[in-house]
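Please look over the sequence and structure shown below before reading the briefing that follows.

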Amino acid sequence: IGLGSLATKASRVTDAMLSAATKAIVGQSPILQNPLEPLLPRMKEIPDLAFHVAFAVGEQAIKDKVGSLPDGLSLEEAIRQSIWKPYYRPIRFKSGK
């Protein structure tokens, strides 16, 4: 929800945006393909699910006129630019200690 809101610079989160997020999550449930599968996607699939939810939320924010896209960017590009990518500096140990 936050990623879609951030990507569209939404001024608020509407009920319709929350509903869009819920529907996006439900639509990605593995149990829909096989009743023996888990309700939620596996951990390795969470980044894809997060993008899917962000896209649905972003679309709804634009429909609800509480968000917009930066000039020249598609919703997909705006979401990808808003994704936080961690960077960790390497640890350097002082010699002689």
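Leaving aside neighbours within four places in sequence, with which residues is serine 29 in contact? This is a predicted model, in which local features need pLDDT of at least 70 and side-chain atom pairs count only at pLDDT 80 or more, while totals for chains, interfaces and linings use all residues. Residues are numbered from 1 along each chain as its sequence is written, and side-chain values use heavy atoms, with hydrogens and water left out.

**The loop between α2 and α3**

- Serine 29 is in contact with Pro38 and Leu39, once its neighbours within four places in sequence are left aside, where contact means heavy atoms within 4.5 Å.
- Serine 29 lies in the loop between α2 and α3, the helices being DSSP runs (H or I, at least four residues) numbered from the N terminus.
- With a relative accessible area of 7%, serine 29 is buried (buried means under 20%, exposed over 50% and partly exposed in between, with a 1.4 Å probe and protein chains only).
- Leucine 32 lies in the loop between α2 (15–27) and α3 (46–63), and at 53% relative accessibility it counts as exposed.

**Aromatic residues of α3**

- Phenylalanine 51 and phenylalanine 55 both lie in helix α3, four residues apart, which is about one turn of the helix.
- Their ring centres are 6.3 Å apart and their planes are at 35°, so the pair is tilted (rings of Phe, Tyr and Trp, the last by its six-membered ring, pair if their centres lie within 6.5 Å; planes under 30 degrees apart count as stacked, over 60 as edge-to-face and the rest as tilted).
- Phenylalanine 51 counts as buried at 18% relative accessibility, whereas phenylalanine 55 counts as partly exposed at 28%.

Methods. Helices (H or I, at least four residues) and strands (E, at least two) are DSSP runs, numbered from the N terminus.
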